Amino acid sequence: MNKFNGMKKEELQDLLADLNKRYDEFVSQRLKLDMSRGKPGADQLDLSMKMLDYPSGSDCCKTADGTDCRNYGLVDGIPEAKALFAEMLEVSPKEIIIGGNSSLSMMYDSIARAVMFGVYGGSNPWGRQPAVKFLCPSPGYDRHFAICQLFNIEMITIDMKPDGPDMDMIENLVSKDEAIKGIWCTPKYSNPDGITYSDDVVMRFANMKTRADDFRIFWDNAYAVHHLTDKPDRLLNIMRACKDAGNPDRVYVFSSTSKITFPGAGIAVMAASENNTALIKKQLGIKTIGPDKINQLRHVAFLKDMKGIESQMKKHAEILKPKFDMVLDILESELGGKSIAWWNKPNGGYFISFNTLPGCAREVVAMASNAGVAMTPAGATYPYGRDPQDRNIRIAPTMPPVSELKKAMELLCVCVQIVSIKRILTL
Ligand SMILES: Cc1ncc(COP(=O)(O)O)c(C=O)c1O
C-alpha cells in the first residue's frame, strides 16, 4: 500500500472523492453504534449467571468460621474472599481490604481520605498542604483524571514508553517536588495502550526517592488476569518490590471482578501494607458497619480459587479475541502501510490504542459521530481532556456484537483516511 505522504496531489484528490462517497453511504445507513466504553458484552455477562445460584439456604450464608453473612460485620471482607484475592494479587490476606462493587470508588475514597485525613506516616492531610499534584502517565484512564480534577489536584502528564511510563521524568519530578503526592498507574494491559510495565519500571517505582514522605502509587491492576492469548504478559509484584526496597507503605493496589463476573454486581479489592490497611480499616469502620458479604460468598463459591478465575478468564478471552482480531485485521487492511495511523496489538485488557497523524483525532471522532458511531471523545485519554498532539483515540471493541464492530471499524478507517488526506493536502 502506498504511503499517503508520497502520493501525488491528483491521486490523493481522486482517493478523497471515493472515500467521501463511502462516508456518505455510511451516513445514509443511519447507524447507531457505540465503541466508546470498555464494557463487557451481554455474552460475557452470561458467563457468570450461575453465580446467582449461590448461596442457597440460610446455612449457606455462613463463612467457614461461622460468621453469618446476612448480618453486620467484617468491614474489610470475609476471610474466604480475602484469601481468593490475596492469591490473585500475590499478597497476604492481611494486606487485603474487600470493598463494594467498584474499585474506582475505592480509588476515589482513598484520595478523599488522603485529602481529608492524610495517609499513614504523613504529617498532614493532603488538603491542608499548600499544593497537591499527581503524575498522570498518558494516554491513560479518563476516570482517574476526573477524580484529580474534582479534588482540585493538579495533574502532570507523563509520557508512556513501550515498557511503561517515562521513569526518568518521574524520578526527576518526585525527587524535587514535595507537592507531588501520587501517581496513577494501570500496570497491566494499560488503559488504553495495552502495555504491561517491565520489571525495570516496577523496580524503579519501588526504589525511587520521593521528596514527599506521604507519596502513594495508585496501582490500578484492573486487568490483572484479563489475557487475550496463551502467552500472557507478566507483571512484577510491586508490593514485594516496595517491601524489599524499604518503602513498604508506598503503594495502594486496586482491582475488581468487574470484568471477571459483573461490573454492576462484582467485588472490588484493595491491597496495601499492614500499616496502611490498619489505618484504612479504622476509617472504614466509621463509614460502614460492613459490606455486602453475601456477594463475597457468592463470588468465592463461583470462582473458588485462582484456577477457577483463570478458567473463567479463558471463556472471556474466547469471546473477546475474535473481536480484537477483527479490529486489528480491518486496521491492517484499510490503513496498513499508509503512514497515517499507528496502533498497538495488546496481549490483554479491554482496549486498542490508536494514533492518527498529529492534529487529526478530534476531527476523526467528530466525523464518526456524525455518521452514528460513538467513540471515546478524542483527548479523553489525557489530563483535562487535552491531548497535546490531538492524536490518540481509544478503541473499545468489547461491547458491540461482531457485525456492528466490523461496520464501526470500517467507518472509522474511512474517516481517518479522509481527515489525513485533507491534512496532507493543506500542508
Ligand atoms: C483502568 C481501569 N480501572 C478501573 C476501572 C473500573 O473498575 P471498577 O469497575 O472496579 O470500578 C476501569 C474500567 O474500565 C479501568 O479501565
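## A loop with a cis proline

Pro139 sits in the loop that links β3 to α5; helices (H or I, at least four residues) and strands (E, at least two) are DSSP runs, numbered from the N terminus. The peptide bond from Ser138 to Pro139 is cis, with omega near 10 degrees. A word on what you are looking at: this is a predicted model, in which local features need pLDDT of at least 70 and side-chain atom pairs count only at pLDDT 80 or more, while totals for chains, interfaces and linings use all residues. Residues are numbered from 1 along each chain as its sequence is written.

A cis bond also joins Asn191 to Pro192, with omega near 5 degrees. Pro192 belongs to the loop between β6 and α7 (199–207).

With β4 (residues 154–161), β3 pairs in the parallel sense over 6 bridges; two strands pair if DSSP finds at least two bridges between them. Lys133 has Glu154 as its bridge partner in β4, and Pro137 stands opposite Ile158. Together, β3, helix α5 (residues 142–150) and β4 form a right-handed β-α-β unit: with the strands pointing away from the viewer, the path from the first strand over the helix to the second runs clockwise. β3 also runs parallel to β6 (residues 180–185), joined by 3 bridges, and there Leu135 faces Ile183.

## The whole sheet

These strands belong to an open sheet of 8 strands with mixed pairing, in the order β2-β9-β8-β7-β6-β3-β4-β5. At its edges stand β2 (96–98) and β5 (164–165), each with a single partner strand, so one side of each has no neighbour in the sheet.

The protein chain is divided into domain 1 (4–45 + 310–426) and domain 2 (62–304), with bounds from an automatic or database domain assignment. Their C-alpha centres lie 31 Å apart. In all, 26 residues of domain 1 are in contact with 27 residues of domain 2, where contact means C-beta atoms, placed from the backbone, within 7 Å. The largest share of domain 1's side, 7 residues, comes from α11.

The largest nonpolar core has 109 residues, and Val253, Val364, Ala368 and Cys415 have the most contacts inside it. Such a core is a set of buried Ala, Val, Leu, Ile, Met, Phe, Trp, Tyr and Cys residues joined through C-beta atoms within 7 Å. Helix α13 (residues 402–426) gives this core its largest share, 12 residues. Leaving out residues up to four places away in sequence, Cys415 touches Tyr23, Val364, Met367 and Ala368.

## Two positive phi angles

Most residues other than glycine have a negative phi, and most peptide bonds are trans. Lys304, in the loop between α10 (293–303) and α11, has a positive phi near 70 degrees. With 14 C-beta neighbours inside 10 Å, Lys304 counts as partly exposed.

Tyr384 has a positive phi of about 60 degrees and lies in the loop between β12 (373–375) and β13. This residue has 12 C-beta neighbours inside 10 Å, so Tyr384 counts as exposed.

Conventions: A residue is buried if 20 or more other C-beta atoms lie within 10 Å of its own, exposed if 12 or fewer, and partly exposed in between; C-beta atoms are placed from the backbone. Two residues are in contact if their C-beta atoms, placed from the backbone, lie within 7 Å.
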